[in-house]
Amino acid sequence: MPRNKISDIVEGRILQLLRWGYSQSLIVNILKLDGIHVSQPTVSNVKQKISRQRNSESKIKIFRKKPSQTPSIIKKVIEKIDVREPPTQRAIAKDLHISQSTVSNIIKNSGFTLRKKQKVQKLTSSNVMKRGQRSFKLYRRLARGRYKNFITTDETWFYLDETSRRRKVCYIKKTDPDYDRMIIQQNTSRPKGFMVWGGVSSQGKTTLRFVTPGTKVNSNYYINNVLKPFLTKDVPRLFRKGKKLKWIFHQDSAPSHTAKETIKFLEQNKIHYITPQEWMPASPDAAPMDYSIWGHLKTTT
């Protein structure tokens, strides 16, 4: 059976009496004296209705206003990123008083993308001039598959810090008395090291040749301990006579390599080699031993 709906005037009287602190039973008696007949459950319903309204008003959701991407803000962001050394997105956001996500969205919507700079060899003006003068001549020597007969060699130093196979980190509780005494000892004042020579080609790699510790690598040592074993052992293995390949030898401009005795030895043995005057300086793609292979070996040993 449906409930009898009270008028807005009666509901207002009940609400006023409730605000004044009267109990529900007393409100029923007061209204009865005024000729208004309502039950106590009716008064209770009005009280619950008002309570629900108050709760809904107190739970208003507050939405964070998103920063507007105005043309002025977009222009300022683009001006800051479209440079050779752009600041971080965090720095841009702080400077323009906007959120970092806003900066990120502007960059993305403007067609920009974050890309890590590729590392390249720094060239001096002298390097640029020499590369321009020598590049085409070197290209002609290595073109049409002749690069497959190219052997590039180099030597380097390997240093030992005496920490091999020992981890540089450990797990320890802060309450452990040895917390501040966990160390790894290494001799950095005079690290042990050794020099090694090696080479690579499309046919394979040469044998690594270690320089005797304490030896001064002059032209005599280089010829007898590196070049002669290289010519008698490595070359016949890499370039067999049946292939009839005209191989080309490359070495850097170390003093023992450019000495008169070394050049004379190469010419007497009719070795086709790239002279220091022909070689392009600071060329990682043409000197993989120096710019790639040695670095890889040092990080894996």
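Me: Which residues of helix H5 (residues 89-96) are buried?

Reply: This is a predicted model, in which local features need pLDDT of at least 70, side-chain atom pairs count only at pLDDT 80 or more, and totals for chains, interfaces and linings use all residues. Residues are numbered from 1 along each chain as its sequence is written, and side-chain values use heavy atoms, with hydrogens and water left out. Buried means under 20% relative accessible area, exposed over 50%, and partly exposed in between (1.4 Å probe, protein chains only). In H5 the buried residues are Ile92, Ala93 and Leu96. They cover an arc of only 100° around the axis, which puts them on the same side of H5, the arc being that of the directions from the helix axis to the C-beta atoms. Arg90 and Lys94, on the other side of H5, are exposed.

Me: Which residues are buried in helix H4 (residues 71-81)?

Reply: Ile73, Val77 and Ile81 are the buried residues of H4. Seen down the axis of H4, these fall within an arc of 60°, so they line one face of the helix, while Pro71 and Lys75 are exposed on the other side.

Me: Is Lys246 buried or exposed?

Reply: Lys246 counts as exposed because its relative accessibility is 56%; its place is in the loop between helix H8 (219-238) and strand E5 (248-250).

Me: Where is Pro255?

Reply: Pro255 is in helix H9 (residues 255-258) and is exposed, with a relative accessible area of 69%. Its C-alpha atom and that of Asn218, 37 residues apart along the chain, are separated by 7.5 Å.

Definitions and conventions: Helices (H or I, at least four residues) and strands (E, at least two) are DSSP runs, numbered from the N terminus.
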